[in-house]
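Thanks for coming. I will go through a few backbone and side-chain details of one model, and then stop.

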Amino acid sequence: MFSYPPELFDLPVYGLPSTQKQAMLNRVMSQLSQHHYQHCEAYRRLLDSRPFDFASAAHTEQFPVAARLFKDLALTSIQSNDVFRQMRSSGTSGQASKITLDGESAKRQSQVLVKILQSWLGKQRRPMLLIDAPSTVKKAGAMTARAAGLQGLSFFGRHHCYALNENMELDIEKVRDFFSKYGKQPVLIFGFTFIVWQTFIQALAQLNINFDFADAILIHGGGWKKMQDQAVTDEIFKASIYKTLGNVSVHDYYGMVEQTGTIYMQCEKGFLHTPVWSDVLIRSPQDLSLLEHGEAGLIQVNSVLPTSYPGHCILTEDLGTVFGEDDCECGRLGKYFKVHGRVPKAQVKGCSDTFR
């Protein structure tokens with residue numbers, strides 16, 4: 001079993017200065033590489049094909065596994081009888097990524113997700129409007145990223161109300177009822193970006209219906225490929241939310257099934273932030289060299305959470321830019337960045353990109 005440093009998960013989510021954070025990541029990530037090298041044959045072969053001293057290398061120099069390899073290889077560091085849950089990406093076309101979790105990994109992911117979100121939402125649970133259908137979390141088989149997101153975020157709400165029916169169509173009477181009961185008190189709204197846009201905001205606009213929430217927080221993520229196809233920017237999305245729903249604090253987030261539990265929330269200044277247990281690196285699409293802050297390239301995500309599969313260093317197919325570290329105007333420490341979209345010709349696999 002992998003052993004973490006004492007009190008690692010008691011660190012402040014956005015409060016550890018860069019020098020201390022990078023030193024911690026260097027220690028833990030090299031230990032994770034050793035752990036997965038010893039317990040995952042496929043990962044061992046990958047590292048043996050490119051020999052380097054991963055026991056002493058900084059976390060920025062650890063071998064990143066390409067995200068798409070989770071579609072093709074059985075990348076697991078646990079025995080089959082220790083599998084607690086299998087996660088898969090939400091793709092309805094093509095092959096889905098498969099992530100195996102044991103009980104400890106699933107528990108750790110949930111604990112960290114709670115700590116991250118509580119730093120934005122506080123500990124008080126709010127009445128919650130979910131922009132999805134209840135059947136999404138009831139489907140049989142391995143849990144999808146969308147179902148995991150709904151289930152994970154539901155913990156932060158009470159009096160849950162699904163805004164869509166089983167056909168993924170707006171259930172306006174349910175939404176009216178939710179607003180009449182809770183519209184004047186703090187509420188939480190959650191959904192995947194394109195679903196929020198198409199089946200909620202656009203549907204309300206077609207019905208010429210607006211609400212005027214007194215104090216709402218909307219958390220949304222995924223699906224920006226389709227939003228970009230429709231020329232919907234973050235600014236247009238937020239403006240439509242304010243016009244349709246009233247006083248809403250809107251926060252995008254970035255995350256993936258390969259590192260469930262680690263999410264990068266968007267601050268009031270429009271930047272995504274790295275929590276203390278993870279980091280974002282930008283690599284050149286041409287030679288995979290590390291790029292400086294301000295340069296756009298491939299996003300690599302490093303996380304201390306994965307022990308049941310070698311997902312601690314993952315090279316994504318997304319493009320982004322890190323704009324700085326520890327000096328965002330919002331006051332949070334850690335790197336802050338933006339995501340520009342998918343690499344051209346990359347297979348679309350976002351949680352709500354696959355929604356039709």
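Asn 208 sits in the loop between helix 7 (193-206) and strand 8 (213-221). Helices here are DSSP runs of H or I with at least four residues, strands are E runs of at least two, and both are numbered from the N terminus. The model is a predicted one, where local features need pLDDT of at least 70, side-chain atom pairs count only at pLDDT 80 or more, and totals for chains, interfaces and linings use all residues. Residues are numbered from 1 along each chain as its sequence is written, and side-chain values use heavy atoms, with hydrogens and water left out.

Asn 208 is not a glycine, yet its phi is positive, about 55°. Most residues other than glycine have a negative phi. Asn 208 has a relative accessible area of 69%, so it is exposed; that term means over 50%, buried means under 20%, and partly exposed is in between, with a 1.4 Å probe and protein chains only.

Met 168 also has a positive phi, about 60°, and is not a glycine. Where is Met 168 found? It is in the loop between strand 6 (157-162) and helix 6 (172-182). Met 168 counts as buried because its relative accessibility is 15%.

Now the aromatics. Searching the whole structure gives 20 aromatic pairs. Rings of Phe, Tyr and Trp (its six-membered ring) pair if their centres lie within 6.5 Å; planes under 30 degrees apart are stacked, over 60 edge-to-face, and the rest tilted. Phe 179 and Phe 211 form a tilted pair, because their ring centres are 5.1 Å apart and their planes are at 50°. This pair links distant parts of the chain, 32 residues apart: Phe 179 is in helix 6, and Phe 211 is in the loop between helix 7 and strand 8. Both Phe 179 and Phe 211 are buried.

Phe 271 and Phe 323 are tilted too, since their centres are 5.4 Å apart and their planes at 55°. Phe 271 is in the loop between strand 10 (264-265) and strand 11 (272-273), and Phe 323 is in strand 14 (residues 313-325), so the pair ties together parts 52 residues apart in sequence. Phe 271 counts as buried at 17% relative accessibility, whereas Phe 323, at 39%, counts as partly exposed.

Ring pairs also join Phe 2, Tyr 4, Phe 9 and Trp 277 into a cluster.
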